[in-house]
Amino acid sequence: IMALKVEVVSRERTVWTGEANYVRARSVDGELGILPGMIPTCALLAQDGELLIEPVEGETIKTTLNAGFLTVSNDHVTIVAKHAQI
């Protein structure tokens, strides 16, 4: 089964990295759900938008991001936020 490689970083540090089955984030244009095989995408994150990560192993992660951007390419999701805490 394919999985997403996810990296969440803030200005200060790498917040979380791992493999996930699903990622959902709130962009300035609305909710964005990401599954393996998604086409390359780039989106601006909303101020105080929710981030949800369903990791391959472990509990679902929910947090709030304070602006930034998200990119998806070749099943690699990179989320860069001004502030993020998990």
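Analyst: One term to start: buried means under 20% relative accessible area, exposed over 50%, and partly exposed in between (1.4 Å probe, protein chains only). This is a predicted model, where local features need pLDDT of at least 70, side-chain atom pairs count only at pLDDT 80 or more, and totals for chains, interfaces and linings use all residues. Residues are numbered from 1 along each chain as its sequence is written, and side-chain values use heavy atoms, with hydrogens and water left out.

User: Is Val28 buried or exposed?
Analyst: Val28 is exposed, because its relative accessible area is 53%.

User: Where is Val28 found?
Analyst: In the loop between strand 2 (14-27) and strand 3 (30-34). Strands here are DSSP runs of E, at least two residues, numbered from the N terminus.

User: Which strands does strand 2 pair with, and how?
Analyst: Pairing takes at least two DSSP bridges between two strands. Strand 1 (residues 4-10) pairs with strand 2 in the antiparallel sense, over six bridges. Strand 2 also runs antiparallel to strand 5 (residues 49-55), with five bridges. Five bridges join strand 2 to strand 3, again antiparallel.

User: What residues face each other there?
Analyst: Glu7 has Thr17 of strand 2 as its bridge partner. Arg24 is opposite Leu52 in strand 5. Arg26 is opposite Glu31 in strand 3.

User: How many residues lie between strand 2 and strand 3 in their hairpin?
Analyst: Two. The hairpin from strand 1 to strand 2 goes through three residues.

User: New topic. What's in the largest nonpolar core?
Analyst: That core has 22 residues, and Val6, Val8, Leu70 and Ile79 have the most contacts inside it. Strand 2 gives the largest share, five residues. A nonpolar core is a set of buried Ala, Val, Leu, Ile, Met, Phe, Trp, Tyr and Cys residues joined through side-chain atoms within 4.5 Å.

User: Why would such residues be together?
Analyst: In soluble globular proteins, nonpolar side chains tend to be buried together.

User: What is Val8 in contact with?
Analyst: Contact means heavy atoms within 4.5 Å. Leaving aside neighbours within four places in sequence, Val8 contacts Thr14, Val15, Trp16, Leu51, Ile53, Ile79 and Ala84.

User: And Thr63, buried or exposed?
Analyst: Thr63 is buried, because its relative accessible area is 12%. Thr63 sits in strand 6. Not counting residues up to four places away in sequence, Thr63 touches Gly49, Glu50, Leu51, Gln85 and Ile86.

Technical notes. Helix = DSSP H or I, 4+ residues; strand = E, 2+ residues; numbered from the N terminus.
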